[in-house]
Amino acid sequence: MRRLSLLLLLGCACGPSPEGAGLEAGLIIQGLSIDEIGYVQIAVLSGGSRFYCPDLVKSCLNQQVKTSDLVQLRGSDGQDHPALRFAADAGTLGSGQTLTVSMPPGTDYLVVAEILSKDGTLLKASGCEPLPQASAGKNQGLAIHAALVPSAVSCNPQIN
Amino acid sequence: MLVESGEFERAVLAIERALMDPNLTGPVASQLYELQANAWLYLGKEDKARLSLEQLLRLSPDYQLAKGTSPKLRSTFEGLRAAPRPVEKVGVESFGVFGGAEVGRPVELRAELKNLPQGAQPKVYWRKRGAGKYGSSGMTTEDRSRFAAQIPAFELPAGENGVLEYYLEVADLAGRRLASSGSAERPLALEIAGPAGTSGPALEDGDPWYTKWWVWAIAGGLAAGAGAAVAYPLIKGQRAEVPITVTVQQ
(Lines give C-alpha, C1' and ligand atoms only; values in the text may rest on other atoms or scores of the structure.)
Protein backbone atom coordinates (compact mmCIF):
# COMPACT_ATOMS: atom_id res chain seq x y z
CA MET A 1 0.00 0.00 0.00
CA ARG A 2 1.39 3.33 -0.95
CA ARG A 3 0.85 6.13 1.44
CA LEU A 4 1.02 9.77 0.84
CA SER A 5 2.42 11.64 3.78
CA LEU A 6 1.23 15.14 4.39
CA LEU A 7 3.62 17.42 6.15
CA LEU A 8 1.88 19.46 8.74
CA LEU A 9 3.57 22.70 9.48
CA LEU A 10 5.08 22.91 12.88
CA GLY A 11 4.01 26.01 14.72
CA CYS A 12 1.16 26.74 12.38
CA ALA A 13 -1.53 25.64 14.76
CA CYS A 14 -3.48 28.87 14.77
CA GLY A 15 -5.44 28.12 11.64
CA PRO A 16 -5.07 27.76 7.91
CA SER A 17 -2.16 29.47 6.23
CA PRO A 18 -2.73 30.17 2.52
CA GLU A 19 0.91 30.13 1.59
CA GLY A 20 1.43 26.69 3.02
CA ALA A 21 -1.64 25.16 1.54
CA GLY A 22 -0.41 24.18 -1.89
CA LEU A 23 0.24 20.55 -2.65
CA GLU A 24 1.77 19.03 -5.70
CA ALA A 25 -0.81 19.39 -8.41
CA GLY A 26 -1.85 16.50 -10.60
CA LEU A 27 -1.28 13.69 -8.14
CA ILE A 28 -4.37 11.55 -7.69
CA ILE A 29 -5.20 9.43 -4.66
CA GLN A 30 -8.10 7.06 -5.20
CA GLY A 31 -9.88 9.53 -7.40
CA LEU A 32 -9.04 12.50 -5.23
CA SER A 33 -6.92 15.16 -6.83
CA ILE A 34 -4.22 16.16 -4.40
CA ASP A 35 -4.73 19.80 -5.17
CA GLU A 36 -8.18 19.47 -3.66
CA ILE A 37 -6.55 19.00 -0.27
CA GLY A 38 -5.97 22.13 1.73
CA TYR A 39 -5.73 21.45 5.40
CA VAL A 40 -5.42 18.84 8.07
CA GLN A 41 -7.59 19.37 11.10
CA ILE A 42 -6.60 17.70 14.34
CA ALA A 43 -9.03 17.15 17.20
CA VAL A 44 -8.59 15.14 20.37
CA LEU A 45 -11.49 13.47 22.16
CA SER A 46 -11.46 12.84 25.87
CA GLY A 47 -12.89 9.54 27.08
CA GLY A 48 -11.70 8.09 23.81
CA SER A 49 -12.81 4.55 24.53
CA ARG A 50 -16.41 5.76 24.34
CA PHE A 51 -15.97 6.26 20.61
CA TYR A 52 -15.57 3.85 17.73
CA CYS A 53 -13.01 4.96 15.17
CA PRO A 54 -14.50 3.27 12.10
CA ASP A 55 -17.75 5.17 12.67
CA LEU A 56 -16.14 8.49 13.46
CA VAL A 57 -14.19 8.62 10.23
CA LYS A 58 -17.20 8.11 8.00
CA SER A 59 -18.23 11.74 8.19
CA CYS A 60 -17.45 15.03 9.86
CA LEU A 61 -16.41 14.72 13.46
CA ASN A 62 -18.28 17.87 14.43
CA GLN A 63 -21.56 16.13 13.60
CA GLN A 64 -20.84 13.21 15.89
CA VAL A 65 -19.42 14.60 19.09
CA LYS A 66 -20.18 17.39 21.50
CA THR A 67 -17.85 20.31 22.04
CA SER A 68 -17.44 19.11 25.60
CA ASP A 69 -15.92 15.88 24.26
CA LEU A 70 -13.04 17.79 22.71
CA VAL A 71 -9.76 18.41 24.50
CA GLN A 72 -8.56 21.98 24.20
CA LEU A 73 -5.44 22.16 22.04
CA ARG A 74 -2.96 24.97 22.29
CA GLY A 75 -2.37 26.82 19.05
CA SER A 76 0.70 28.76 18.05
CA ASP A 77 -1.24 31.88 19.04
CA GLY A 78 -1.02 30.69 22.63
CA GLN A 79 -4.78 30.23 22.80
CA ASP A 80 -6.70 27.02 23.34
CA HIS A 81 -8.89 25.69 20.54
CA PRO A 82 -11.19 22.68 20.20
CA ALA A 83 -9.30 21.71 17.04
CA LEU A 84 -6.26 22.90 15.11
CA ARG A 85 -5.97 23.25 11.37
CA PHE A 86 -2.66 22.98 9.58
CA ALA A 87 -1.81 23.72 5.98
CA ALA A 88 -0.08 20.91 4.13
CA ASP A 89 3.34 21.70 2.70
CA ALA A 90 3.94 20.58 -0.87
CA GLY A 91 7.69 20.86 -0.46
CA THR A 92 7.91 18.01 1.97
CA LEU A 93 5.12 15.88 0.62
CA GLY A 94 5.95 12.24 1.05
CA SER A 95 8.82 12.74 3.44
CA GLY A 96 6.83 11.67 6.48
CA GLN A 97 7.44 14.64 8.69
CA THR A 98 5.54 15.17 11.83
CA LEU A 99 3.68 17.96 13.55
CA THR A 100 3.49 18.46 17.28
CA VAL A 101 0.22 19.13 19.03
CA SER A 102 0.08 20.63 22.51
CA MET A 103 -2.65 19.28 24.76
CA PRO A 104 -3.32 18.86 28.47
CA PRO A 105 -1.75 15.71 29.92
CA GLY A 106 -4.33 13.00 30.29
CA THR A 107 -5.40 9.47 29.57
CA ASP A 108 -7.85 7.76 27.24
CA TYR A 109 -7.63 10.24 24.38
CA LEU A 110 -8.63 9.64 20.79
CA VAL A 111 -6.94 11.73 18.12
CA VAL A 112 -8.88 12.44 14.94
CA ALA A 113 -7.21 13.82 11.82
CA GLU A 114 -9.49 15.16 9.12
CA ILE A 115 -8.22 16.10 5.69
CA LEU A 116 -10.07 19.16 4.44
CA SER A 117 -10.64 20.49 0.96
CA LYS A 118 -8.70 23.39 -0.49
CA ASP A 119 -11.21 25.90 0.86
CA GLY A 120 -11.55 23.98 4.11
CA THR A 121 -15.28 23.42 3.78
CA LEU A 122 -15.40 19.77 2.72
CA LEU A 123 -14.14 16.57 4.31
CA LYS A 124 -11.89 14.58 2.01
CA ALA A 125 -10.39 11.97 4.31
CA SER A 126 -10.43 11.10 7.95
CA GLY A 127 -8.52 8.90 10.34
CA CYS A 128 -8.29 8.39 14.03
CA GLU A 129 -6.07 6.67 16.52
CA PRO A 130 -6.30 6.09 20.28
CA LEU A 131 -3.81 7.90 22.47
CA PRO A 132 -3.94 5.98 25.77
CA GLN A 133 -1.79 8.48 27.63
CA ALA A 134 -0.36 11.92 27.00
CA SER A 135 2.30 12.76 29.57
CA ALA A 136 3.60 16.21 30.40
CA GLY A 137 6.45 17.12 28.10
CA LYS A 138 7.41 15.27 24.96
CA ASN A 139 5.59 12.07 24.08
CA GLN A 140 6.11 9.26 21.65
CA GLY A 141 4.83 9.88 18.16
CA LEU A 142 1.40 8.85 16.98
CA ALA A 143 0.73 7.76 13.40
CA ILE A 144 -2.71 8.30 11.91
CA HIS A 145 -3.74 6.89 8.57
CA ALA A 146 -6.61 8.82 7.06
CA ALA A 147 -8.93 7.04 4.66
CA LEU A 148 -10.84 8.86 1.96
CA VAL A 149 -14.48 9.51 2.72
CA PRO A 150 -17.17 8.83 0.11
CA SER A 151 -17.78 11.75 -2.17
CA ALA A 152 -21.40 11.71 -1.05
CA VAL A 153 -20.32 13.08 2.32
CA SER A 154 -20.72 16.81 1.99
CA CYS A 155 -20.56 18.11 5.53
CA ASN A 156 -18.50 21.12 6.58
CA PRO A 157 -15.87 19.66 8.91
CA GLN A 158 -14.57 22.87 10.43
CA ILE A 159 -14.44 22.91 14.20
CA ASN A 160 -14.07 26.43 15.54
CA MET B 1 -38.64 8.82 57.82
CA LEU B 2 -38.39 12.35 56.49
CA VAL B 3 -39.92 11.36 53.17
CA GLU B 4 -42.94 9.80 54.78
CA SER B 5 -43.53 12.79 56.99
CA GLY B 6 -43.62 15.07 53.99
CA GLU B 7 -40.48 17.01 54.70
CA PHE B 8 -39.27 16.36 51.24
CA GLU B 9 -36.71 19.09 50.86
CA ARG B 10 -34.98 18.06 54.04
CA ALA B 11 -35.22 14.47 52.94
CA VAL B 12 -33.50 15.20 49.65
CA LEU B 13 -30.62 16.91 51.43
CA ALA B 14 -30.29 14.11 53.93
CA ILE B 15 -30.29 11.50 51.19
CA GLU B 16 -27.69 13.44 49.20
CA ARG B 17 -25.42 13.41 52.24
CA ALA B 18 -26.03 9.74 52.89
CA LEU B 19 -25.21 8.85 49.29
CA MET B 20 -21.80 10.45 49.67
CA ASP B 21 -20.88 8.15 52.53
CA PRO B 22 -17.87 6.14 51.33
CA ASN B 23 -18.97 3.19 53.45
CA LEU B 24 -22.38 2.95 51.83
CA THR B 25 -23.33 -0.46 50.53
CA GLY B 26 -25.13 -1.17 47.29
CA PRO B 27 -28.47 -2.34 48.71
CA VAL B 28 -28.74 0.64 51.05
CA ALA B 29 -27.81 3.02 48.24
CA SER B 30 -30.50 1.52 46.04
CA GLN B 31 -33.14 2.19 48.68
CA LEU B 32 -31.83 5.71 49.12
CA TYR B 33 -32.15 6.36 45.41
CA GLU B 34 -35.72 5.14 45.52
CA LEU B 35 -36.49 7.43 48.42
CA GLN B 36 -34.76 10.27 46.66
CA ALA B 37 -36.82 9.71 43.52
CA ASN B 38 -39.99 9.74 45.60
CA ALA B 39 -38.98 12.95 47.29
CA TRP B 40 -38.19 14.68 44.02
CA LEU B 41 -41.48 13.56 42.56
CA TYR B 42 -43.42 14.96 45.48
CA LEU B 43 -41.53 18.20 45.05
CA GLY B 44 -42.60 18.29 41.43
CA LYS B 45 -39.07 17.74 40.11
CA GLU B 46 -39.76 14.96 37.68
CA ASP B 47 -36.47 15.36 35.85
CA LYS B 48 -34.54 14.90 39.07
CA ALA B 49 -36.70 11.96 40.06
CA ARG B 50 -35.81 10.39 36.74
CA LEU B 51 -32.10 10.94 37.38
CA SER B 52 -32.39 9.23 40.74
CA LEU B 53 -34.11 6.30 39.12
CA GLU B 54 -31.41 6.09 36.48
CA GLN B 55 -28.77 5.96 39.19
CA LEU B 56 -30.77 3.26 40.90
CA LEU B 57 -30.98 1.19 37.74
CA ARG B 58 -27.29 1.51 37.03
CA LEU B 59 -26.58 0.27 40.48
CA SER B 60 -29.26 -2.42 40.62
CA PRO B 61 -30.68 -3.27 37.20
CA ASP B 62 -33.05 -5.84 38.72
CA TYR B 63 -34.26 -3.66 41.56
CA GLN B 64 -37.90 -3.97 42.55
CA LEU B 65 -39.62 -0.85 43.79
CA ALA B 66 -41.40 -1.03 47.13
CA LYS B 67 -45.04 -1.95 47.18
CA GLY B 68 -47.21 1.13 47.28
CA THR B 69 -44.87 3.15 45.07
CA SER B 70 -46.79 5.75 43.10
CA PRO B 71 -47.92 4.53 39.69
CA LYS B 72 -46.22 7.49 38.06
CA LEU B 73 -42.86 6.68 39.58
CA ARG B 74 -43.26 3.01 38.79
CA SER B 75 -44.15 3.77 35.21
CA THR B 76 -41.10 6.01 34.80
CA PHE B 77 -38.92 3.40 36.44
CA GLU B 78 -40.10 0.59 34.21
CA GLY B 79 -39.75 2.81 31.17
CA LEU B 80 -36.16 3.54 32.07
CA ARG B 81 -35.48 -0.10 32.70
CA ALA B 82 -36.87 -1.01 29.30
CA ALA B 83 -34.98 1.72 27.43
CA PRO B 84 -32.10 3.09 29.48
CA ARG B 85 -30.42 6.24 28.32
CA PRO B 86 -26.78 5.92 27.34
CA VAL B 87 -24.49 6.55 30.28
CA GLU B 88 -21.72 9.11 30.14
CA LYS B 89 -18.52 7.29 30.86
CA VAL B 90 -16.67 8.25 33.99
CA GLY B 91 -13.54 10.11 32.97
CA VAL B 92 -10.27 10.45 34.83
CA GLU B 93 -9.26 13.95 33.80
CA SER B 94 -6.09 13.88 35.84
CA PHE B 95 -4.51 11.83 38.56
CA GLY B 96 -1.16 12.19 40.23
CA VAL B 97 1.03 13.16 43.12
CA PHE B 98 0.76 16.60 44.60
CA GLY B 99 3.37 18.37 46.68
CA GLY B 100 6.32 16.02 46.50
CA ALA B 101 7.23 12.54 47.59
CA GLU B 102 9.81 12.29 50.28
CA VAL B 103 10.76 9.79 52.94
CA GLY B 104 9.04 10.58 56.24
CA ARG B 105 6.18 12.58 54.74
CA PRO B 106 2.80 11.40 53.52
CA VAL B 107 2.19 11.46 49.79
CA GLU B 108 -0.85 13.33 48.61
CA LEU B 109 -2.65 12.06 45.54
CA ARG B 110 -5.16 14.15 43.66
CA ALA B 111 -7.60 13.26 40.95
CA GLU B 112 -10.06 15.11 38.80
CA LEU B 113 -13.00 13.04 37.62
CA LYS B 114 -15.99 13.76 35.44
CA ASN B 115 -19.40 12.17 35.06
CA LEU B 116 -19.05 10.45 38.40
CA PRO B 117 -22.42 8.96 39.32
CA GLN B 118 -23.72 9.36 42.80
CA GLY B 119 -22.44 6.66 45.07
CA ALA B 120 -19.42 5.88 42.92
CA GLN B 121 -16.18 6.14 44.81
CA PRO B 122 -12.59 6.62 43.69
CA LYS B 123 -10.04 4.65 45.62
CA VAL B 124 -6.26 4.72 45.52
CA TYR B 125 -4.06 1.66 45.95
CA TRP B 126 -0.35 1.59 46.69
CA ARG B 127 2.53 -0.65 47.61
CA LYS B 128 6.27 -0.54 47.85
CA ARG B 129 7.75 -1.90 44.64
CA GLY B 130 8.31 -5.60 45.13
CA ALA B 131 5.69 -5.96 47.84
CA GLY B 132 2.83 -8.27 46.99
CA LYS B 133 -0.18 -6.60 48.46
CA TYR B 134 -1.60 -3.14 47.88
CA GLY B 135 -2.80 -0.85 50.65
CA SER B 136 -5.81 1.28 49.79
CA SER B 137 -7.77 4.33 50.78
CA GLY B 138 -10.91 6.11 49.65
CA MET B 139 -10.59 9.67 48.38
CA THR B 140 -12.25 12.70 49.89
CA THR B 141 -13.95 15.47 47.96
CA GLU B 142 -15.86 18.67 48.38
CA ASP B 143 -17.44 18.88 44.98
CA ARG B 144 -17.55 15.36 43.51
CA SER B 145 -15.05 16.30 40.83
CA ARG B 146 -11.77 16.94 42.65
CA PHE B 147 -10.59 14.23 44.99
CA ALA B 148 -7.65 13.80 47.31
CA ALA B 149 -6.13 11.01 49.37
CA GLN B 150 -3.00 10.58 51.43
CA ILE B 151 -0.63 7.67 51.55
CA PRO B 152 0.74 7.56 55.10
CA ALA B 153 4.46 8.21 55.52
CA PHE B 154 4.99 4.80 57.11
CA GLU B 155 3.79 3.14 53.93
CA LEU B 156 6.58 4.65 51.83
CA PRO B 157 9.77 2.77 50.96
CA ALA B 158 12.24 3.32 53.79
CA GLY B 159 15.47 3.79 51.87
CA GLU B 160 16.40 6.64 49.63
CA ASN B 161 15.09 6.45 46.09
CA GLY B 162 12.71 3.63 46.83
CA VAL B 163 9.81 3.28 44.44
CA LEU B 164 6.16 3.45 45.35
CA GLU B 165 3.64 1.89 43.00
CA TYR B 166 0.10 3.19 42.95
CA TYR B 167 -3.07 3.40 40.93
CA LEU B 168 -6.58 4.80 40.98
CA GLU B 169 -9.77 2.87 40.54
CA VAL B 170 -13.34 4.17 40.46
CA ALA B 171 -16.08 1.69 41.27
CA ASP B 172 -19.79 1.96 41.82
CA LEU B 173 -21.50 0.77 44.92
CA ALA B 174 -21.94 -2.66 43.41
CA GLY B 175 -18.18 -2.89 43.03
CA ARG B 176 -18.20 -2.54 39.26
CA ARG B 177 -15.13 -0.84 37.89
CA LEU B 178 -16.04 2.41 36.14
CA ALA B 179 -12.64 3.95 35.43
CA SER B 180 -9.03 3.73 36.44
CA SER B 181 -5.60 5.22 36.02
CA GLY B 182 -2.99 2.53 36.23
CA SER B 183 -3.94 -0.89 37.51
CA ALA B 184 -2.76 -3.58 39.90
CA GLU B 185 -0.94 -5.24 37.03
CA ARG B 186 0.41 -2.01 35.57
CA PRO B 187 0.70 0.48 38.41
CA LEU B 188 2.10 3.98 38.12
CA ALA B 189 5.53 4.44 39.70
CA LEU B 190 6.87 7.17 41.93
CA GLU B 191 10.43 7.42 43.14
CA ILE B 192 10.62 8.60 46.74
CA ALA B 193 13.24 11.19 47.58
CA GLY B 194 15.52 10.98 50.60
CA PRO B 195 14.82 13.26 53.57
CA ALA B 196 14.68 17.00 52.91
CA GLY B 197 18.10 18.43 52.21
CA THR B 198 19.32 15.46 50.23
CA SER B 199 19.29 15.41 46.48
CA GLY B 200 15.92 15.10 44.82
CA PRO B 201 14.66 11.95 43.14
CA ALA B 202 15.53 11.25 39.56
CA LEU B 203 12.42 9.95 37.88
CA GLU B 204 12.79 7.20 35.37
CA ASP B 205 12.40 8.12 31.75
CA GLY B 206 8.95 7.24 30.59
CA ASP B 207 7.33 7.64 33.97
CA PRO B 208 3.80 8.95 33.62
CA TRP B 209 3.41 12.70 33.68
CA TYR B 210 1.48 12.69 36.90
CA THR B 211 4.47 11.35 38.78
CA LYS B 212 6.27 14.53 37.89
CA TRP B 213 3.71 16.96 39.22
CA TRP B 214 5.58 17.42 42.44
CA VAL B 215 8.61 18.64 40.54
CA TRP B 216 6.57 21.59 39.35
CA ALA B 217 5.36 22.39 42.82
CA ILE B 218 8.88 22.44 44.19
CA ALA B 219 10.29 24.29 41.20
CA GLY B 220 7.79 27.02 41.87
CA GLY B 221 9.11 27.37 45.40
CA LEU B 222 5.90 26.09 46.84
CA ALA B 223 5.77 23.94 49.90
CA ALA B 224 3.12 21.29 50.06
CA GLY B 225 0.14 22.36 52.09
CA ALA B 226 0.65 26.09 52.46
CA GLY B 227 1.15 26.57 48.75
CA ALA B 228 -1.53 24.16 47.71
CA ALA B 229 -3.97 26.72 46.44
CA VAL B 230 -1.32 28.28 44.24
CA ALA B 231 0.34 25.06 43.20
CA TYR B 232 -2.75 23.43 41.83
CA PRO B 233 -3.11 25.75 38.85
CA LEU B 234 0.58 25.23 38.15
CA ILE B 235 0.01 21.52 37.97
CA LYS B 236 -2.97 22.05 35.78
CA GLY B 237 -0.93 24.25 33.47
CA GLN B 238 1.38 21.51 32.24
CA ARG B 239 1.14 20.53 28.60
CA ALA B 240 1.76 17.34 26.71
CA GLU B 241 3.50 17.62 23.35
CA VAL B 242 2.42 14.82 21.03
CA PRO B 243 4.03 14.42 17.60
CA ILE B 244 1.41 13.31 15.09
CA THR B 245 2.11 12.07 11.60
CA VAL B 246 -0.87 11.96 9.28
CA THR B 247 -0.92 9.89 6.11
CA VAL B 248 -3.61 9.45 3.52
CA GLN B 249 -4.04 5.83 2.65
CA GLN B 250 -4.14 4.67 -0.90
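Visitor: What percentage of the residues of chain A count as buried?
Guide: This is a predicted model. Chain A has 160 residues. A residue is buried if 20 or more other C-beta atoms lie within 10 Å of its own. By that test, the buried part of chain A is 44%.

Visitor: How many helices and strands does chain A have?
Guide: From the N terminus, its elements run β-β-β-β-α-β-β-β-β-β-β-β-β. The secondary structure of chain A therefore comes, with DSSP runs counted as elements, to one helix and 12 strands.

Visitor: Which residues touch the most other members of the largest nonpolar core?
Guide: This core has 44 residues. Elements giving two or more residues to the core include β4 (37-45) and β9 (106-117) of chain A, and β10 (240-249) of chain B. The residues with the most touches are Ile42(A), Val111(A), Val112(A), Ala113(A) and Ile244(B).

Visitor: Which residue of chain B is in contact with Val111(A), leaving aside neighbours within four places in sequence?
Guide: Val111(A) has contacts in chain A, among them Ile42(A), Cys128(A) and Leu142(A). The list also holds a residue of chain B, Ile244(B).

Visitor: Is α3(B) parallel or oblique to α4(B)?
Guide: Helix α3 (residues 46-59) and helix α4 (residues 71-82) of chain B have axes that come within 10 Å. These axes cross at roughly 50 degrees. Angles under 35 degrees count as roughly parallel, and 65 to 115 as roughly perpendicular. So α3(B) is, relative to α4(B), oblique.

Visitor: What is the handedness of the crossing of α3(B) and α4(B)?
Guide: Contact residues include Leu53(B) of α3(B) and Phe77(B) of α4(B). By class, six are nonpolar, one is polar and three are charged. The crossing of the two helices is right-handed.

Conventions
Residues are numbered from 1 along each chain as its sequence is written. Chains are lettered from A and ligands numbered from 1 in the order in which they are written. This is a predicted model: local features need pLDDT of at least 70, side-chain atom pairs count only at pLDDT 80 or more; totals for chains, interfaces and linings use all residues. Axes are lines fitted to C-alpha atoms, for helices over the stretch in contact, and angles run from 0 to 180 degrees between N-to-C directions. Helices (H or I, at least four residues) and strands (E, at least two) are DSSP runs, numbered from the N terminus. Angles under 35 degrees count as roughly parallel, over 145 as roughly antiparallel, 65 to 115 as roughly perpendicular and the rest as oblique. A crossing is left-handed if the near helix is turned anticlockwise from the far one by less than a right angle, and right-handed if clockwise. Two residues are in contact if their C-beta atoms, placed from the backbone, lie within 7 Å. Ala, Val, Leu, Ile, Met, Phe, Trp, Tyr, Cys and Pro count as nonpolar, Asp, Glu, Lys and Arg as charged, and the others, Gly among them, as polar. A residue is buried if 20 or more other C-beta atoms lie within 10 Å of its own, exposed if 12 or fewer, and partly exposed in between; C-beta atoms are placed from the backbone. A nonpolar core is a set of buried Ala, Val, Leu, Ile, Met, Phe, Trp, Tyr and Cys residues joined through C-beta atoms within 7 Å.
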